[in-house]
Amino acid sequence: MMHRYGRRAALRKALLLAGGGALPARAAQPQRLLALGDSLTAGYGLPRGQGFVPQLQAALAARGRAVRVLDGGVSGDTMAGGAARLDWALADRPQAALVALGGNDGLRGLPVAQMAAALDSILARLEARRIPTLLAGMHAPPNLGADYGRAFHAIFTEAAARRPGLVFMPFFLEGVAGEPRLNQPDGIHPNAEGVAEMVRRILPFVEQVLDRAAAQAAG
């Protein structure tokens, strides 16, 4: 019985090839993008499916991109917390990464040097693994003073300047921060409409890093 089945399979393959046909190709696996962040990527306060990760994945799918966005967001996490759990997050073997941390560092007024060291650790390890990365910057709350605010944001701009291969979006909450209609009552976390605006603005940067990952995989 097995010999008969084997002969039939071989004959079918030979006929397909002789007739110019082709055997079905294995479906391409979706790209894996790690979103390493805090409550802003974890979808704090939002119904299931309306957070940043599902909205970004849906937006990419609408543009014909097969991408699985890996939810690496932990509410309340700092830059140091993200650095501490990075190796765990990389267990899913992402091909590209989005680093969107720092908001909680600013809310707590943590030392900028501590935050800079943690960010450098994250970026260096992603670079060592040859994972194309998008860094989303953040601003500190204005009540912490202008000097702290400048030093805080400089962490992101200087990190991007030191790594020309990094894709950099200066402010993750561009167009959303300070807009009451786009935020939840706490004035900190975007509502579903605010997340949609975040996704719209970050999408070109995400596509850029995904294209780099695809080119690297092909090369």
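Start by selecting helix 9 and whatever covers its buried residues: that cover includes strand 1 (31-37), helix 3, strand 2, strand 3, strand 4 and strand 5. Here contact means heavy atoms within 4.5 Å. Helices (H or I, at least four residues) and strands (E, at least two) are DSSP runs, numbered from the N terminus. Buried means under 20% relative accessible area, exposed over 50%, and partly exposed in between (1.4 Å probe, protein chains only).

Before going on, know that this is a predicted model, where local features need pLDDT of at least 70 and side-chain atom pairs count only at pLDDT 80 or more, while totals for chains, interfaces and linings use all residues. Residues are numbered from 1 along each chain as its sequence is written, and side-chain values use heavy atoms, with hydrogens and water left out.

**Zoom out for a moment**

Colour the chain by secondary structure and you'll find 9 helices and 5 strands. Going from the N terminus, the order is α-β-α-α-β-α-α-β-α-α-β-α-β-α. Of the 219 residues in the chain, 45% are buried. Take the contacts between residues at least 6 apart in sequence: 78% of them join residues at least 24 apart.

**Back to helix 9**

Select residues 192-218, which make up helix 9.

Now look along the helix for a bend. At Ile202 there is a kink of about 45°, shortly before the proline Pro204. The bend at a residue is the angle between axes fitted to the seven residues ending there and the seven starting there.

Next, pick out the buried residues of helix 9, including Val195, Met198, Val199, Ile202, Val206 and Leu210. An α-helix has 3.6 residues a turn, so residues three or four places apart point the same way.

At the start of the helix, show Asn191: one of its side-chain oxygens reaches to within 3.1 Å of the backbone nitrogen of Glu193.

**Stop at His189**

Is His189 buried or exposed? His189 is buried, at 12% relative accessible area. Its side chain makes a polar contact of 2.9 Å with the side chain of Ser39, and another of 2.6 Å joins the side chains of His189 and Asp186. (A polar contact is a pair of N or O atoms within 3.5 Å; within protein, one must be able to donate a hydrogen and the other to accept it, and residues adjacent in sequence count only if both atoms are side-chain atoms.) Leaving out residues up to four places away in sequence, His189 touches Ser39, Leu40, Tyr44, Asn183 and Gln184.

**Follow the charges**

The structure holds 11 salt bridges, each a side-chain nitrogen of Lys or Arg within 4 Å of a carboxyl oxygen of Asp or Glu. Select Arg63, Arg65, Glu207 and Asp211, which are linked in a network of them. Glu207 lies in helix 9 and Arg65 in the loop between helix 3 (52-62) and strand 2 (67-73), so the pair ties together parts 142 residues apart in sequence. Arg65 also meets Asp211 in a salt bridge (2.9 Å, N to O). Glu207 is buried, at 12%, whereas Asp211 is partly exposed, at 41%.

**Into the core**

Which residues of the largest nonpolar core touch the most other members? Among its 60 residues they are Phe52, Leu56, Leu119, Ile122 and Phe172. Helix 9 gives this core its largest share, 9 residues. Such a core is a set of buried Ala, Val, Leu, Ile, Met, Phe, Trp, Tyr and Cys residues joined through side-chain atoms within 4.5 Å. Centre on Leu119: apart from neighbours within four places in sequence, Leu119 is in contact with Met79, Val99, Leu135, Ile155, Phe156 and Ala159.

Most residues other than glycine have a negative phi. Arg93 has a positive phi of about 55°, and Arg130 has one of about 60°. Arg93 sits in the loop between helix 5 (86-89) and strand 3 (96-100) and is exposed, at 62%. Arg130 is in the loop between helix 7 and strand 4 (133-136), exposed at 55%.
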